[in-house]
Amino acid sequence: MVERTQITQAVTAALEAAPKRKFQESIDITINLKHVDMSQPKNRIDETILLPQSMGVKKIAVLGKGDIVSQARNAGVDLIMGPEEIERLGGAPREARKMADSYDFFLAETAVMPLVGRWLGQRLGPRGKMPQPIPPQQDITPIVERLKNSVRVRSKDRLNMSVKIGTTGMSADAVAENVDAVLKRVIGRLENGELNVRSVFIKTTMGPAVKVM
């Protein structure tokens, strides 16, 4: 496994090489795989990973009615959507696409999941944002808190994947912790571990890519 010091050195180099901006840029990790048959769904990566270092709160939407709505308000989620709004958006594709792109994670009570699939599945599914089903009486507060500091890594049928793991306002050590967490989780999902990794790069939005491994 790549050493933390190696990761920190790569992050530092990426930060130093980035053009100076008056605003914070994102820092992304790109992982390129090899010798993995992505035509087989079992080999595809689809992981929600809790990051050790926060990089800014994610936007979370909750779909449903009743108790889950009051829970969502108390948890401070960014969007609460009832069954009527779910159906309305089904007939407003442009608005539905904008909604799907605006939120990072979706939670939905199990009772409205058929509605979500029917009216919003075409917008959320391809983006890897189909809601996590929430059964009756389940407390969503700890789920929301975890998702606020999580990222989702998806390969689909490709041999490469990229995900935001920090910002230029974070220290190199903090970003390196997040890189380490993502790499360990992804490598742990691969049949041959590190042997299935072709390369890993770190870059800021406007900066050059720096190789980690």
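Me: What makes S1 and S8 a pair, and how many bridges join them?
Reply: In this predicted model, seven bridges join S1 to S8. Two strands pair if there are at least two bridges between them, so S1 and S8 count as a pair, and they run antiparallel.

Me: Why are S8 and S10 called edge strands of their sheet?
Reply: The sheet is open and has four strands in the order S8-S1-S9-S10, with antiparallel pairing. S8 and S10 each have a single partner strand, so one side of each lacks a neighbour in the sheet.

Me: Which helix lies across S1, S8 and S9, and at what angle to S8 does it run?
Reply: That helix is H8, and it runs at about 155 degrees to S8.

Me: Which elements give two or more residues to the largest nonpolar core?
Reply: This core has 37 residues. The contributors of two or more are helix H1 (4-17), strand S1 (26-33), strand S7 (150-154), strand S8 (160-167), helix H8 (172-189) and strand S9 (197-204). H8 gives the most, with nine residues.

Me: What is Val179 in contact with, leaving aside its neighbours within four places in sequence?
Reply: Val179 is in contact with Ile7, Val11, Ile29, Ile165 and Ile202, neighbours within four places being left out. Val179 is listed among the residues with the most contacts inside the core, along with Ile29, Ile31 and Val182.

Me: How do you know that the span of H1 agrees with its 14 residues?
Reply: At 1.5 Å a residue H1 should span 20 Å, and its end C-alpha atoms are 20 Å apart, so the two agree.

Me: What puts the buried residues of H1 on the same side?
Reply: The buried residues are Ile7, Thr8, Ala10, Val11 and Ala14. They cover an arc of only 160 degrees around the axis, and therefore sit on the same side of H1. They pack against H8, S9 and strand S10 (210-211). The face turned away carries the exposed residues Thr5, Gln9 and Glu16.

Me: Why are the buried residues of H4 said to line one face of the helix?
Reply: In H4 (residues 93-102), Ala96, Met99 and Ala100 are buried, that is, under 20% relative accessible area. Seen down the axis of H4, they fall within an arc of 100 degrees, so they line one face. Their cover includes strand S4 (79-81), helix H3 (83-90), strand S5 (105-109) and helix H6 (121-124). Arg94, Lys98 and Asp101 are exposed on the face turned away from the buried side.

Notes
Residues numbered from 1 in each chain as written. Predicted model: local features only at pLDDT ≥ 70, side-chain atom pairs only at ≥ 80, totals over all residues. Heavy atoms only, no water. Core = buried A, V, L, I, M, F, W, Y, C linked by side-chain atoms within 4.5 Å. Buried < 20%, exposed > 50% of the residue type's maximum accessible area, 1.4 Å probe, protein only. Contact = heavy atoms within 4.5 Å. Expected span 1.5 Å × (residues − 1). Arc of directions from axis to C-beta. Axes fitted to C-alpha atoms, helices over the stretch in contact; angles between N-to-C directions.
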